[in-house]
Amino acid sequence: MKKVTMLDIAKMAGVSKATVSMVLSKHDQSISEETRNKVLSLAKEMNYIPNSLARSLSTKKTGTIGIILPDITNPFFSSIARAIEDEASLLGYNVIFCNTDNETNKEEKYIKLLISKLVDGVIFIAGGESENSVKMLKHNNIPFVLVDRYIDTHEEEYGVYALNKDGVLKGIEYLYNEGSRRIAFVEGPKTLEISRQRLDGYKYSMNKYGLYDERLVFSGDFTIDGGIKATESILQKTTNLDAIFYSNDAMALGGIKVLLKRGFKIPKDIRVLGFDNIELSEIFEPELTTIAQPIYEMGKQSCKLLIDVIDAADVENKQIYFETELIIRET
Ligand code: RIB
């Protein structure tokens with residue numbers, strides 16, 4: 001079955017191919033209402049599908065953006081991806097999702113793929129030491145926006161971020177005001193700037209209260225299993241804790257499982273605080289108290305910013321920072 005072309009529609013409608021092209025590309029101001037309607041109804045009736053490659057060659061755009069994510073199984077990233085796709089769709093763009101499992105070689109593989117697919121731009125959430133990945137985007141003149149995870153390229157890049165350190169300050173202040181003094185902290189992957197920012201917030205605020213003890217800082221990896229392992233280590237190496245502050249919700253939920261199995265009452269025996277406010281945190285039992293990032297808004301704004309960059313529109317701020325919010329629940 002031959003693919004329907006604009007010439008086929010033109011013949012059926014008794015008009016020129018140029019007229020069909022103007023109607024289908026909505027450059028049809030000079031075309032009569034009758035002819036426009038005839039062409040559009042024939043195109044629908046004949047199941048005409050535009051040749052996107054031909055359109056790209058003429059407009060030098062594909063109407064497609066790439067999203068590079070480090071871990072699609074973490075609800076933080078699936079939620080932010082959802083927001084980006086919603087906004088991209090509203091702005092007339094398709095999306096190609098790339099999940100890198102925090103692996104730099106996968107990041108670079110996907111960047112090459114997106115470049116070969118002639119995407120108009122990329123939203124990049126780095127998985128770790130991703131300086132070279134960003135260099136690849138820059139060297140190929142691919143418009144990009146960094147989201148959530150800051151990468152130092154020694155230049156001011158377009159980016160959308162949460163105020164991580166400030167969020168941890170809010171969390172420690174809350175726990176302190178609730179009477180917690182011995183507060184353990186589970187950090188994120190050491191390769192990430194956001195992990196350093198959150199740990200910095202913990203150190204700063206615990207020092208402010210005269211409570212900082214480096215033996216209460218434990219390594220984590222932003223996964224549920226990482227939260228389980230960190231909590232087992234905490235219970236092995238510490239006593240009389242008042243609270244555990246996890247650098248993200250996934251680890252906090254893993255930690256709660258361990259604490260409940262060990263017979264702890266939450267929050268009576270020990271408080272638990274997370275960071276993100278993923279949907280699961282509200283329906284988990286007990287419901288997680290956490291520092292909320294405005295995940296959906298961050299995704300939406302990152303997409304708007306990227307499309308502005310693609311359209312070479314005036315951009316007021318190259319970097320957008322979002323406040324976090326303390327969400328008090330049951331832990
Ligand atoms: O839960 C995943 C974590 O990694 C979040 O805190 C988010 O900030 C991302 O960087």
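Which residues form one aromatic cluster with Phe 185? The cluster consists of Phe 185, Tyr 202, Tyr 212 and Phe 245. The model is predicted: local features need pLDDT of at least 70 and side-chain atom pairs count only at pLDDT 80 or more, while totals for chains, interfaces and linings use all residues. Residues are numbered from 1 along each chain as its sequence is written, and side-chain values use heavy atoms, with hydrogens and water left out.

**Stop 1: Phe 185 and Phe 245**

The structure contains seven aromatic pairs. Rings of Phe, Tyr and Trp (its six-membered ring) pair if their centres lie within 6.5 Å; planes under 30 degrees apart count as stacked, over 60 as edge-to-face and the rest as tilted. Select Phe 185 and Phe 245, an edge-to-face pair with 5.6 Å centre to centre and 80° between the planes. Phe 185 belongs to strand E6 (residues 183-186) and Phe 245 to strand E8 (residues 243-246), so this pair ties together parts 60 residues apart in sequence. Helices (H or I, at least four residues) and strands (E, at least two) are DSSP runs, numbered from the N terminus. Phe 185 is buried, at 0% relative accessibility, and Phe 245 is likewise buried, at 0%. Buried means under 20% relative accessible area, exposed over 50% and partly exposed in between (1.4 Å probe, protein chains only).

**Stop 2: Tyr 202 and Tyr 212**

Next, select Tyr 202 and Tyr 212, whose ring centres are 6.1 Å apart with planes at 70°, so this pair is also edge-to-face. Tyr 202 is in helix H9 (residues 193-208), and Tyr 212 is in the loop between H9 and strand E7 (217-218). Tyr 202 is buried at 0% relative accessible area, whereas Tyr 212 is partly exposed at 27%.

**Stop 3: strand E9**

Now select strand E9 (residues 271-276): six of its six residues are buried, so the strand is largely enclosed by the rest of the structure. Arg 271, Leu 273 and Phe 275 point one way, and Val 272, Gly 274 and Asp 276 the other. Two strands pair if DSSP finds at least two bridges between them. E9 pairs in the parallel sense with E8 over three bridges, and with strand E10 (residues 289-292) over four. Opposite Leu 273 of E9 stands Phe 245, and the bridge partner of Phe 275 in E10 is Ile 291.

**Stop 4: charges over rings**

Finally, select Arg 198, which lies over the face of Phe 275, at 3.9 Å from the ring centre. The charged end of Lys 318 sits over the ring of Tyr 158, 4.7 Å from its centre. A charge sits over a ring if NZ of Lys or CZ of Arg is within 6 Å of the ring centre and within 35 degrees of the ring normal.
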